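Here are my notes on the helix packing and the strand pairing. Please read them with the model open.

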Amino acid sequence: MNKAEMKEAILEAKFARDLKWKDIADAAKMSTEFTCSACLGMNHLEKKPAEAVAEALGLGDDVAAALQRFPNKIWNQAVPTDPVIYRWYEIVGVYGETIKELIHEKFGDGIMSAIDFTMDIDKQEDPKGDRVVVTLNGKFLKYKSW
């Protein structure tokens with residue numbers, strides 16, 4: 001089973017069992033955000049959490065094995081069309097240089113790791129309309145000279 005087939009099987013089972021990503025993450029004993037990413041094919045899980053996810057979803061060893069395979073992170077389109085994903089693309093388009101400038105000003109010449117990294121997505125209730133709170137927390141990696 002490849003990652004695309006795995007993703008489809010997971011989404012179908014999640015819907016059929018009326019599970020939330022938190023339920024699946026709790027079974028894996030991992031964060032909701034990382035577990036979701038692995039289930040969508042963009043990260044991998046080690047054996048034990050992969051088996052726990054497959055079991056929680058009522059899926060077989062083929063899904064557990066696919067969850068353990070390293071992903072190939074390739075996007076098929078230059079500009080995403082899904083509105084939620086497009087807004088992130090827009091945020092980076094509008095604020096990307098600002099983010100870069102402020103990281104350089106505060107840390108020096110380097111980047112934020114997307115490997116030594118965590119992400120939390122929360123809901124903040126607000127009478128004017130609920131707010132999406134996204135926290136990206138990555139290790140600073142200084143460029144080196146040689």
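1. Conventions. Axes are lines fitted to C-alpha atoms, for helices over the stretch in contact, and angles run from 0 to 180 degrees between N-to-C directions. Helices (H or I, at least four residues) and strands (E, at least two) are DSSP runs, numbered from the N terminus. This is a predicted model, where local features need pLDDT of at least 70, side-chain atom pairs count only at pLDDT 80 or more, and totals for chains, interfaces and linings use all residues. Residues are numbered from 1 along each chain as its sequence is written, and side-chain values use heavy atoms, with hydrogens and water left out.

2. α4 against α5. Helix α5 spans residues 61–68 and packs on α4 at about 140 degrees, with the axes 8 Å apart. The pair is therefore oblique (under 35 degrees counts as roughly parallel, over 145 as roughly antiparallel, 65 to 115 as roughly perpendicular, the rest as oblique). α4 passes α5 in a right-handed crossing (the near helix is turned clockwise from the far one by less than a right angle; anticlockwise is left-handed). From α4, Lys-47, Ala-50, Glu-51, Val-53 and Ala-54 make the contact; from α5, Val-63, Ala-64, Leu-67 and Gln-68 do (contact means heavy atoms within 4.5 Å).

3. α2 against α4. The axes of α2 (residues 21–28) and α4 (residues 47–57) come within 8 Å and cross at roughly 135 degrees. That angle makes α2 oblique to α4. The crossing of α2 past α4 is right-handed. Ile-24, Ala-27 and Ala-28 of α2 meet Pro-49, Ala-52, Val-53, Ala-56 and Leu-57 of α4.

4. Helix α6. This helix covers residues 83–107 and bends by about 60 degrees at Tyr-95 (the angle between axes fitted to the seven residues ending there and the seven starting there). At its start, a side-chain oxygen of Asp-82 lies within 3.0 Å of the backbone nitrogen of Val-84. After α6 comes Gly-108, with a positive phi near 110 degrees.

5. Strands β1 (residues 110–124) and β2 (residues 131–142) run antiparallel and are joined by 11 bridges (strands pair if DSSP finds at least two bridges between them). Gly-110 stands opposite Lys-142. Asp-120 has Thr-135 as its bridge partner. Six residues lie between the strands, and Gly-129 in the turn has a positive phi of about 130 degrees.

Terms used. A polar contact is a pair of N or O atoms within 3.5 Å; within protein, one must be able to donate a hydrogen and the other to accept it, and residues adjacent in sequence count only if both atoms are side-chain atoms.
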